[in-house]
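Try each task on your own before reading its solution.

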Amino acid sequence: MMGRIIDLEGFLLKYPIQVGNREVYYLKVADEYASWTEGIWELAIDEKGQGIVKKIDSSSPTVSEEELIVSTIQTTTQLFMGYRTASELNFYGKIGGKEKWIQLLDRRLAKGKPILVDYF
């Protein structure tokens with residue numbers, strides 16, 4: 001089985017983020033097949049775990065390289081669907097960025113292995 005996020009904005013808006021502090025993450029996603037997914041995404045999370053997502057375009061203020069969590073859409077899918085933790089992906093060189101941001105994001109994500117029931 002394989003999972004793939006096609007609509008990153010729609011996926012992140014419905015994602016069950018853990019309740020915690022107000023935080024903002026910048027995800028730089030590479031996607032060679034879906035250009036609408038590729039780019040830098042701002043994921044702002046409020047105290048209740050509600051995410052607000054927007055794509056950063058060239059007219060937006062520049063995000064520093066130190067704030068970016070960098071990955072492909074395949075890695076982003078593994079991370080947000082719980083197949084791999086951010087620490088595992090970082091260890092294998094699949095995700096880049098400051099360890100601080102990677103660990104903070106990992107704390108907010110749903111835990112558990114995905115089950116894709118598609119057989120009949």
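**Exercise 1.** Work out what joins the side chains of Glu42 and Lys54, and where each of the two residues sits.

*Solution.* Start with the side chains: Glu42 and Lys54 meet in a salt bridge, 4.0 Å from N to O. A salt bridge here means a side-chain nitrogen of Lys or Arg within 4 Å of a carboxyl oxygen of Asp or Glu. Helices (H or I, at least four residues) and strands (E, at least two) are DSSP runs, numbered from the N terminus. Then check exposure, where buried means under 20% relative accessible area, exposed over 50%, and partly exposed in between (1.4 Å probe, protein chains only). Glu42 is buried at 16%, whereas Lys54 is partly exposed at 46%.

Before going on, a word on the model: it is predicted, so local features need pLDDT of at least 70 and side-chain atom pairs count only at pLDDT 80 or more, while totals for chains, interfaces and linings use all residues. Residues are numbered from 1 along each chain as its sequence is written, and side-chain values use heavy atoms, with hydrogens and water left out.

**Exercise 2.** Find how strand 2 and strand 3 are connected, and which residue of strand 3 Glu42 stands opposite.

*Solution.* First, the pairing: six bridges join strand 2 to strand 3, and the two run antiparallel. Two strands count as paired if DSSP finds at least two bridges between them. Now the connection: strand 2 and strand 3 make a hairpin with five residues between them, and Gly49 in the turn has a positive phi of about 90°. Finally, Glu42 stands opposite Lys54, so look there for the salt bridge that joins their side chains.

**Exercise 3.** Give the strand order of the open sheet, then say which helices pack on the sheet.

*Solution.* The order of the five strands is 3-2-1-4-5, with mixed pairing. At the edges are strand 3 and strand 5 (96-97), each pairing on one side only. Strand 4 (residues 68-72) and strand 5 run antiparallel and are joined by two bridges; for Ile69, the bridge partner in strand 5 is Gly97. Helix 2 (residues 73-80) packs on the sheet and touches strand 1, strand 2 and strand 4, its direction making about 105° with that of strand 4. Helix 4 packs there too, touching strand 1, strand 2, strand 4 and strand 5, and its direction makes about 105° with that of strand 1. Contact means heavy atoms within 4.5 Å; axes are lines fitted to C-alpha atoms, for helices over the stretch in contact, and angles run from 0 to 180 degrees between N-to-C directions.

**Exercise 4.** Decide why helix 2 is largely enclosed, and find the residues with the most contacts inside the largest nonpolar core.

*Solution.* Count first: six of the eight residues of helix 2 are buried, so helix 2 is largely enclosed by the rest of the structure. Those six are Ile73, Thr75, Thr76, Thr77, Leu79 and Phe80. Now the core, meaning a set of buried Ala, Val, Leu, Ile, Met, Phe, Trp, Tyr and Cys residues joined through side-chain atoms within 4.5 Å. The largest one has 23 residues, and Leu27, Ile69, Leu79, Phe80 and Leu105 have the most contacts inside it. Leu105 touches Tyr25, Leu27, Ile69, Leu79 and Phe80, leaving aside residues up to four places away in sequence.
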